[in-house]
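Open the structure in your viewer and keep the selection tool ready. We will go from stop to stop, and each stop says what to select.

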Amino acid sequence: MSIAVIGAGSWGTALAGILGQKHPSVTLWVRSPELAEHIANSRENSGYLPGYILPSTVTVTNSLLKATIGSRLIVLVTPSHAIRQMARELAPLIGVNTIVVSAAKGLEVTTVKRMSEIISEEIPLIADRVAVLSGPNHAEEVALSHPTATVAAARSRLVAETVQAAFMLPFFRVYTNPDIIGVELAGALKNIIALGAGIAEGLSFGDNAKSALMTRGLAEITRLGMAMGAAPLTFSGLAGIGDLIATCTSVHSRNRRAGLQLAAGKTVSEIQSETAMVVEGIKATKAAYQLARKHQVAMPITEQIFQVLYERKSPRDAVLELMTRSRTHEVEEVVGNNLHWN
């Protein structure tokens, strides 16, 4: 099976490498002709994943036509804000039997739509053949062949299992899940909580604060997900709590790192100007803030992160406000259903 990976950041490069270990024909598309030539000659994407050498089975090009011609599986790994434009460019090049996999974790700020929704809108021909790949998957560790697990979600079992089979390797285990809504929301919203975890760490609040933030963050992610039609169990799995743990605690996490910088007093523009990589949680916070209001779901952590990012609220004041909220139950979402006082 011929496969195209669209986007040559760290994750796109790592995914191309995974697929190249298993399939004889993988093409990595790079927008910049100069970068494409550099990677093709050196076999290394030194700017995004230094030290990782791509397998010889991976061809590098900056031509979308060359990348996609004959490809039965196309993996989109561009930043979330570029997915719609990328899907529009791909639409005339994709056949009816093609599966498109979104490996981007984010929400479109202007429409608050998920990546699979955008792809289906822009390429209606394959709307029922869109899948999502998400989980606790840092590119730096995948490139080293460290044991990793992830989730392939799709509406169709056949599509999900096709993606599962395409990516499965001894060190890269893929599970399937029919809850594409939950998997996508978990992947996008955990970045917001990771910003908060970085803030808590940057303010030297310790492990108690970070663990509480992660736990209550998962609660509000689940609350919004259920309001939008997701299955609650998804948030207890790899795409949910698994990815949340990795993103809130890892030295590889851009969002955690951005939270540390916010705690140190840096502005959003300063943080973004200091890295070539996208900090997805910044845009995701704005989209999630809108979704919470639309669905009338309480998301206090997201609300405070929004105020820190977009209203210049002091990170320390945001934490204080979270701690002094009115009293509530830990399991308020299920009181009167499965749990109740005797």
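**Stop 1: the second largest pocket**

Select H8, helix H9 (206–227), helix H14 (300–310) and H15: each supplies at least two residues of the lining of the second largest pocket. Helices (H or I, at least four residues) and strands (E, at least two) are DSSP runs, numbered from the N terminus. This is a predicted model: local features need pLDDT of at least 70, side-chain atom pairs count only at pLDDT 80 or more, and totals for chains, interfaces and linings use all residues. Residues are numbered from 1 along each chain as its sequence is written, and side-chain values use heavy atoms, with hydrogens and water left out.

Which helix gives the most to this lining? H9 does, with 6 residues. The second largest pocket holds about 660 Å³ of space. Of the 28 residues that line the second largest pocket, Arg216, Ile301, Leu322, Met323 and Arg325 are the closest to its centre. By class, its lining has 16 nonpolar, 5 polar and 7 charged residues. (Ala, Val, Leu, Ile, Met, Phe, Trp, Tyr, Cys and Pro count as nonpolar, Asp, Glu, Lys and Arg as charged, and the others, Gly among them, as polar.)

A pocket is defined on a 1 Å grid over the protein atoms alone: it is an open set of points with protein on both sides within 12 Å along at least five of seven lines. A cavity is a set of points where a 1.4 Å probe fits but cannot get out. Lining residues have an atom within 4 Å of a point. Grid points are joined across faces, edges and corners, and a volume is the space filled by probe spheres set on the points.

**Stop 2: leucine 322**

Now select leucine 322, in helix H15 (residues 315–323). Leucine 322 touches Pro300, Ile301 and Gln304, not counting residues up to four places away in sequence; contact means heavy atoms within 4.5 Å. Is leucine 322 buried, partly exposed or exposed? It is partly exposed, with a relative accessible area of 24%. Buried means under 20%, exposed over 50%, partly exposed in between (1.4 Å probe, protein chains only).

**Stop 3: the largest pocket**

Select Gly9, Ser10, Trp11, Val77 and Arg254, which lie nearest the centre of the largest pocket among its 38 lining residues. Elements giving two or more residues to that lining include H1 and helix H10 (238–249). About 890 Å³ of space lies in this pocket. Then show helix H1 (residues 10–20): 11 of its 11 residues are buried.

**Stop 4: strand S6**

Select strand S6 (residues 130–134). All 5 of its 5 residues are buried, so S6 is largely enclosed by the rest of the structure. Val130, Val132 and Ser134 point one way, and Ala131 and Leu133 the other. In a regular strand the side chains alternate between the two faces of the sheet.

Two strands pair if DSSP finds at least two bridges between them. Strand S7 (residues 148–154) runs antiparallel to S6, with 4 bridges. Find valine 132: it stands opposite alanine 153 in S7.

**Stop 5: the cavity**

Last, select Val132, Leu133 and Ser134 again; they are among the residues that line the largest cavity. Its volume is about 50 Å³. H8 gives the largest share of the lining, 4 residues.
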